[in-house]
Structures are given as C-alpha cells and as structure tokens.
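Please open the model in your viewer and keep the selection panel at hand.

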Amino acid sequence: MKMHGLGNDFVVLDARAPKGEDSGPPPFTVTPALAKAVGHRHFGVGFDQLAVISNGTGDAHLTFYNADGSVSAACGNATRCIARFLMEESGSSTLHLTTDRGDLAAQDMGDGLTAVNMGQPQLDWDEIPLSHRMDTLALPIDGGPTATGMGNPHCTFFVDDIGAVDLEQFGPTIEHHPLYPERTNVQLAQIIDTDHIRMRVWERGVGITLASGSSSCATAVAAARKGLTGRKVRVDLDGGTLYIDWREDGVWMTGPSAHVFSGTLTRDFLDGLA
C-alpha cells in the first residue's frame, strides 16, 4: 500500500497471517536491497520510509525502514497512517500497536484525524543516544541545539528564520555529527507563538521530507523544555499541520492521513533484486 501523512510518504507491506491461521514465520524478509529498490522514486515505488505490518501481541506489530535500508524504531506519520487503515479494517476506534520503540496507543479523533501516543520522550544522553554524557538541552554544537529521543534520535535547532538556513547543505552535516553514534534527524524550528511552531526536517537516511511525526514530537518536547512554548502546540510543516500534546502518559500526535493505492510487487521486479 502507498500512504502518506502530510506528504511524508510510505510503502506499507502487510505481512500478517490471514485470520484463523497461525502467524508462523513472516512471508518475506526486508533486506536493504529490497528497501532501496522499492524506495527508488524512478525504478521502484518511492517512499520516505517503508513499514511492515505483522502479527503481534497487540492489534499489530509495526517495523520501519529508511530509504537507505536502515531500520528505524519509530515513524510517527507511518504509525498514524497504518492505524487509520487498521481501524477502518476492524471498525474499532482504538488500537494497541507494538513497535521496536514500545507499545503505542492509537485513537480515531473524527473528521479524518488520527491520534497516536508516541510514548514518553527520551531525555537522557545515553537513551537518545549521544556519544557521551552531556546536557541534552543545549548540545556543544553551534546554535546550541536540543537532543531528544522518540525511539529515534533528534537534534532540534531553534532559529529566527528557518528560510534563511540551507537545509540541503546543513542537514547531512548534523545527521552525521560525531555526537550522534546512530546518526540523527535534524529539525529547524521557528517559534511563531507559545502554542505554534514552524518546522522543517532532514530525516536520517532519507533527506528533506515534507513532514515527520517523530520530529514534530521531538521539537514540541524541546520547545517546552526550553520554556519557548507550552506542552500543547501546533506544528506547521512543509506538507501541512500536526498537533502535538505532551501529556503525562506520553506525547500525543494528531493529524490526517491518506491511503493512495494498494498493489502487488511483480515477480520480475523482485527477481531483479537477486
């Protein structure tokens, strides 16, 4: 299936066993070669992330891959898109999903909006992770960015004008900064008001994307920690708007999603990967 959340697009592979059958081993293995081939926007389908739905202890288990074939423990927009698909499939308005990040709750908010609890943010240096102990609120990098973990690492720069920074050049430099041993997602954030943020994002292993759910959560958490906003904010991205609410039980993200089409990868395409 091809899906997107605010232009942040995904290919979703359904690896669940049919109802009434034992889950058994997965019907396929996602290799870096498969992820890269499907993710190619000219020779494949094209995506920012690849997601796999499999059987789990909850309603489903989700696994995420970046366009370069690397694994990501979290992907907020993909989780929201898949949650909407599963709720429409089951008729349920709530879901319990499992990921490598942990257990996530999803809820139908009406009017085509889906909310997902992305869990508690990781604020300690070793959880994010960073290369050594340091103050995660202001890293020793020009601009004093804030580090946050949302199941994947983030580095948020608060600037006066996000349009004045060349993200195409700036993003990869920070993604591969030695303070981040697993690389990092990079956000440029501009505070519009105490409940309103404008943000652009460079995603590790992908590049510039129109939106990022986990990046929006990380930026909202960083802004609240720095006293720039409250804990409930609107985040405007290149592709649209998400609403983030950092509650006692975790960081809730609410926004729209789209299921563009469903299809089948051909045998010729798959054989060409060998």
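How much space lies in the largest pocket? About 360 Å³ lies there, in a model that is predicted, so that local features need pLDDT of at least 70 and side-chain atom pairs count only at pLDDT 80 or more, while totals for chains, interfaces and linings use all residues. Residues are numbered from 1 along each chain as its sequence is written, and side-chain values use heavy atoms, with hydrogens and water left out.

A pocket here is an open set of points on a 1 Å grid over the protein atoms alone, where a 1.4 Å probe fits, with protein on both sides within 12 Å along at least five of seven lines; lining residues have an atom within 4 Å of a point. The volume is the space filled by probe spheres set on the points, which are joined across faces, edges and corners.

Select M1, L13, G263, T264 and L265, which lie nearest the pocket's centre among its 17 lining residues. Helices (H or I, at least four residues) and strands (E, at least two) are DSSP runs, numbered from the N terminus. By class, the lining has 11 nonpolar, five polar and one charged residues, where Ala, Val, Leu, Ile, Met, Phe, Trp, Tyr, Cys and Pro count as nonpolar, Asp, Glu, Lys and Arg as charged, and the others, Gly among them, as polar.

Next, select α2 (residues 76-90), whose 15 residues should span 21 Å and whose end C-alpha atoms are 21 Å apart; the expected span is 1.5 Å times one less than the number of residues. Because 12 of its 15 residues are buried, α2 is largely enclosed by the rest of the structure, buried meaning under 20% relative accessible area (1.4 Å probe, protein chains only). After α2 comes G91, with a positive phi near 80°.

Move on to α4 (residues 213-225), where 12 of the 13 residues are buried, so this helix too is largely enclosed by the rest of the structure. G227, which follows α4, has a positive phi near 75°.

Finally, select V12, I53, I82, M118 and I244, which touch the most other members of the largest nonpolar core, a set of 45 residues. A nonpolar core joins buried Ala, Val, Leu, Ile, Met, Phe, Trp, Tyr and Cys residues through side-chain atoms within 4.5 Å. The largest share of this core, seven residues, comes from α2. A second, separate core of 16 residues includes I141, C155, F157 and I162.

Terms used. Buried < 20%, exposed > 50% of the residue type's maximum accessible area, 1.4 Å probe, protein only.
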